[in-house]
Amino acid sequence: MHINGQALVQMMEELAPKHIAMENDKIGLQLGTLNKPILKAMVALDVTHEVVNEAIEQGANLIIAHHAIIFRPLAKIDTDTAAGSLYEKLIKHDIAVYISHTNLDTAEGGINDWLADQAGISKADRISLEEVFTERMLKLTVFVPAESLQTVQEALWRSGAGSQGDYSECSFVSTGEGSYRPGKDASPYIGKPGQLERTKECRLEVLLPSSLKKKAVQAMLKAHPYEEPAYDIFVTDVPGKSYGLGRCGKLEQPISLEELANKLKNAFEVPMLRVVGDLNATVKKAAVLGGSGARYVNKAKFAGANVLITGDIDYHTAHDALAEGMMIIDAGHNIEKVMKQKVAEYLNNELVKKGVQTELIYSKIHTDPFQFI
């Protein structure tokens, strides 16, 4: 049995939820349909003609990529153009394209965390450079007969409700008396149609992030013994989990800028990188951001970093950083290729749990447009 495309994408969105992407980012399904069995899916950084040819050769009918193939509304699809012929090739071979971009950047355990791991940034005090999204916290209150309290409570906990920071299975319970008169066509759990019933009930309250609202309510309704449970959902002022771009933290051990640069050449598998700053200077705290990091130099400095590890730094930004005493390692935009193997490993593990035959592979095509001579 092969997994349906929608189900596979739901797994991807467990890792990188769409709601944590930056506003107006081009993410999600960009071409084709997910309403089909996925025989083989391929993870890629960029979707180029070479990558699509690879997908065709490998028999993949879905590409999960980081960089979008459609950036703005299309006025037409001219198949004589490079972009138009790419779309044509994908459609002719029934290959869908799904994009996970800044949501994968900001995700906990996503691209920026993978890059921070490669750079040797400690997980203990790791923070984001820029907040992108903060989850809104809700409170779900439901009235439950006393004998069913534990069943409903545990169902909500399994759904993810009742977790706050380092604490899980959090809830508040108070007791009281509930009353109701079932209609003549009702099938009450307690009582008889037409008769006023008074019974001991528990008021169960749990906090949950807004992203889990649907899942938690469904879990509660499934576990609740009543035909029509009474429940409320309130918006709270409790701050939820924050997601952001970039990562900053102490290095596992102090190192010179030159030593760090050489270490990153190997870790990022790049032939060369550009460095701004004194090569003999000691680096104790570093920031890393996949992609273009020019506007994050000051944010990295404000966070206490000695060096920003990123890509696509321009000449004037480098001069400004040098004047401010900030070091930069420009390893290129292509270091985000770490996502190919990591995403494939994650999805393969999830597919094994499901016991399906769909195979996940990652592109072996090198898509960095720059050559070094």
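**Entry 1: helix α5 and what follows**

I began at G120, which comes just after α5 and takes a positive phi of about 85 degrees. I keep in mind throughout that this is a predicted model. Going back into the helix, I asked how many residues of α5 are buried. Seven of the nine residues in α5, which spans residues 111-119, are buried, and the helix is therefore noted here as mostly covered, with buried meaning under 20% relative accessible area. I listed the buried residues of α5 as I111, N112, D113, W114, L115, A116 and A119.

**Entry 2: helix α8**

From L115 I looked across to A267, and I found their C-alpha atoms separated by 9.1 Å although the two residues stand 152 residues apart along the chain. A267 belongs to helix α8, and I noted its relative accessibility as 26%, which makes it partly exposed.

I then turned to K265, which also has its place in helix α8, the run of residues 257-268. K265 is partly exposed because its relative accessibility is 29%, a value that lies between the 20% limit for buried and the 50% limit for exposed. Its C-alpha atom is 7.8 Å from that of A331, a residue 66 positions away along the chain.

**Entry 3: positive phi in residues other than glycine**

I looked next at backbone angles, keeping in mind that most residues other than glycine have a negative phi. E269 is not a glycine, yet its phi is positive, at about 55 degrees. I placed E269 in the loop between α8 and β10, the latter covering residues 274-276. Is E269 buried or exposed? With a relative accessible area of 62%, E269 is exposed.

N24 is another residue other than glycine with a positive phi, here near 70 degrees. I found N24 in the loop that runs between α1 and β1 (28-31), and at 62% relative accessibility N24 counts as exposed.

**Entry 4: the largest pocket**

I looked for open space in the model, since rolling a probe the size of a water molecule over the atoms shows where empty space is left. The largest pocket holds about 1300 Å³ of space. Its lining is made up of 32 residues, and those that lie nearest its centre are E14, P17, H19, S211 and L212. I noted α1 (5-15), β5 (130-145), α7 (213-223), β8 and α11 (338-354) as the elements that give two or more residues to this lining. Which element gives the largest share of the lining of the largest pocket? That share comes from α1, with six residues. Sorting the lining by class, I wrote down twelve nonpolar, nine polar and eleven charged residues.

**Entry 5: the second largest pocket**

The second largest pocket has about 460 Å³ of space. I counted 22 lining residues for it, with G332, H333, D368, F370 and F372 lying nearest its centre. By class, the lining of the second largest pocket divides into nine nonpolar, six polar and seven charged residues.

Y231 has its place in strand β8, which covers residues 231-245.

Definitions and conventions:
Residues are numbered from 1 along each chain as its sequence is written. This is a predicted model: local features need pLDDT of at least 70, side-chain atom pairs count only at pLDDT 80 or more; totals for chains, interfaces and linings use all residues. Side-chain values use heavy atoms; hydrogens and water are left out. Helices (H or I, at least four residues) and strands (E, at least two) are DSSP runs, numbered from the N terminus. On a 1 Å grid over the protein atoms alone, a cavity is a set of points where a 1.4 Å probe fits but cannot get out, and a pocket is an open set with protein on both sides within 12 Å along at least five of seven lines; lining residues have an atom within 4 Å of a point. Grid points are joined across faces, edges and corners, and a volume is the space filled by probe spheres set on the points. Ala, Val, Leu, Ile, Met, Phe, Trp, Tyr, Cys and Pro count as nonpolar, Asp, Glu, Lys and Arg as charged, and the others, Gly among them, as polar. Buried means under 20% relative accessible area, exposed over 50%, partly exposed in between (1.4 Å probe, protein chains only).
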